[in-house]
Amino acid sequence: MLKEYDVIVVGGGHAGCEATAAAANSGASVLLVTMNMGTIAQMSCNPAMGGVAKGQIVREIDAMGGYSGIVADKTAIQFRMLNLSKGPAMWSPRVQSDRWLFAQEWRLMLEQTPNVDFWQDTVNNVIVKNGKVEGVITSLGLEIKTKSVVLTAGTFLNGLIHVGDKNFGGGRAGERNSKGITEQLIQLGFDHGRMKTGTPPRVDSRSLDYSKMEEQKGDENPSKFSFTNTKKLEKQKSCYITYTNPTVHEILRSGLDRSPMFSGSIEGTGPRYCPSIEEKIERFSERDRHQIFVEPEGWNTVEIYVNGFSTSLPMDVQMKAIKEIPGFENVKLFRPGYAIEYDYFPPTQLKHTLETKLVENLYFAGQINGTTGYEEAAGQGLMAGLNASLKVQEKEPLILRRDQAYIGVLIDDLITKGTKEPYRMFTSRAEYRILLRQDNADIRLTPLSHAVGLASDERLKAVKFKQNQTENILQMLSESSIEPEIANPYLEKAGTSPIKQKVKLSSIISRPQVSLSDIRNNENFNSFELNSFDDECLQQAEIKIKYDGYIQREKEMADKMNRLEDVIIHKDFDYTKLKSISSEAREKLTKIKPETIGQASRISGVSPADISVLLIHFGR
């Protein structure tokens, strides 16, 4: 009934959508199989994209030619650049999205992508012969042939939803779960586990009293995610902040005996950095309030996402407690919060391409690998879809290093260290975060992506223009001198020391109190014609001047570490032959099977002394 495909993507969430787009745009024929065509790219939890480290991932996806940044820009209702009071390595873009427009835009973009077909059905089995993927079998009994499969099952694998002492099967509220795949993968020899996540109640905006809350507006001059010519926001919707209180906490505690989190009915491990409200009041019992973000779900809907109040407590407890939050006294619920348990497969069973070690041409991406968050899932999906496509075309894979992308850090962390709790990306996980800024993601990644046929010629042309303009600005600033009588009025106002003689303009820019955008807007500096340059290029030049020493130091560290990545370890290497390494290292190395000495050095339990023994063994 259906033709044979190069790639079949199972699941239409954020990982599945990016996998589909990447595989198709890099030349593969793709079939996206999803349980419900109406919920493609649905935002199952909060209606937002980006945030600390997550925003960097979205910009990297866009730089690679993915769709998440474009969709986020087209459907944003508010934009904020977080951490502007800190250095540029910490700047993180975030948008509040219109949930319905987001899913609609994603589907339209996929429908307009050549080489993509769709099929609404459930995949129950993957056809594997002689350790290699050959197709899938759906719940309708269809056998669809393919050269590779990307599994992006989200929370649907044996999903179990909990509200108080009630639980029922489901992959998301109102949708059934998926059965069969976990059991088959276990038979094939895969390790598996259970994780859990949760979501807060959704409420009616018309029943809230916003006069009792703090308004949180978007940026005055909003930026955007995509490096393409998507439009910046001209109008924005506000979010609001309120707080829990001791009365709320007392009501929540009264229901803990009926909470699946504390009664033992939930087996899976939840996200450490996004705990439920009942976990918060127990873990941080000394605090008498917790922040609640009141987030609109779109331009025209009255539905509100109550960020910070994730819970699986019984409905009566949820209702009683939420009414004690300032502004929520007369609240009307649309639906309660709930927790969901689901199957995952420890990601140490994967290669850097996200292909499984046990079954050739089978790829995992998203929550099946133990991650949490749309952005982490989308980044994995893009890389899995791309590498599945490249392998089918008998081309070399694209593997991003830790010094090239947060996506590289994410994947390397997962397959090298594994995870026993839902993995969330933070800037602190990246040792080269000054190199991995959100502003230079296009410079870092678009040439790599273009070389494998994913990023377009137009994207590469835009990157080269940005680089050339930045170099022109740097040259102008290093060659142009400025007199004290021109510079000092601005310098004194900026709170920095005046100059006593003529200096190069670049030396003034290097001061932390001085902003290149302020200088451009100051009429005393009009002769330097900074208005002729693009904003992004001016920002690039300023960062390079201010942080040059740090950038060079990180590059040197990365180059030193990358020399260890050049020492390849054969997948069948027998570590029992090495008597000089510790027994723990021997056990971990045998289990993980690192591909390089560099990867081996990042495995927990493998010491520098163990790495020295490996280097000596390999003649280094």
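Student: Why is the crossing of H1 and H4 called left-handed?
Tutor: H1 passes H4 in a left-handed crossing, because the near helix is turned anticlockwise from the far one by less than a right angle. This is a predicted model, in which local features need pLDDT of at least 70, side-chain atom pairs count only at pLDDT 80 or more, and totals for chains, interfaces and linings use all residues. Residues are numbered from 1 along each chain as its sequence is written, and side-chain values use heavy atoms, without hydrogens and water.

Student: What makes H1 and H4 roughly parallel?
Tutor: Helix H1 (residues 14-25) and helix H4 (residues 99-111) pack at about 25°, with axes 10 Å apart. Angles under 35 degrees count as roughly parallel, and H1 and H4 are therefore roughly parallel to each other.

Student: Which residues make that contact?
Tutor: His14, Cys17, Glu18, Thr20 and Ala21 of H1 make the contact with Phe102, Trp106 and Leu110 of H4 (heavy atoms within 4.5 Å). By class, the contact of H1 with H4 has five nonpolar, two polar and one charged residues.

Student: Why are H2 and H10 called roughly parallel?
Tutor: Helix H2 (residues 54-63) and helix H10 (residues 374-392) pack at an angle of about 30°, with their axes 9 Å apart. H2 and H10 are therefore roughly parallel to each other. Their crossing is left-handed.

Student: Which residues of H2 and H10 meet?
Tutor: Lys54, Ile57, Val58 and Ile61 in H2 meet Glu375, Glu376, Ala378, Gly379 and Leu382 in H10. That contact has five nonpolar, one polar and three charged residues, and Gly counts as polar.

Student: How many cavities does a search of the whole structure find?
Tutor: Three cavities of 30 Å³ or more are found; a cavity is a set of points on a 1 Å grid where a 1.4 Å probe fits but cannot get out. The largest cavity has a volume of about 40 Å³.

Student: What lines the largest cavity?
Tutor: The lining residues (an atom within 4 Å of a point) include Asp73, Phe79, Lys224 and Leu233. By class, the lining divides into four nonpolar, one polar and four charged.

Terms used. Axes are lines fitted to C-alpha atoms, for helices over the stretch in contact, and angles run from 0 to 180 degrees between N-to-C directions. Helices (H or I, at least four residues) and strands (E, at least two) are DSSP runs, numbered from the N terminus. Angles under 35 degrees count as roughly parallel, over 145 as roughly antiparallel, 65 to 115 as roughly perpendicular and the rest as oblique. On a 1 Å grid over the protein atoms alone, a cavity is a set of points where a 1.4 Å probe fits but cannot get out, and a pocket is an open set with protein on both sides within 12 Å along at least five of seven lines; lining residues have an atom within 4 Å of a point. Grid points are joined across faces, edges and corners, and a volume is the space filled by probe spheres set on the points.
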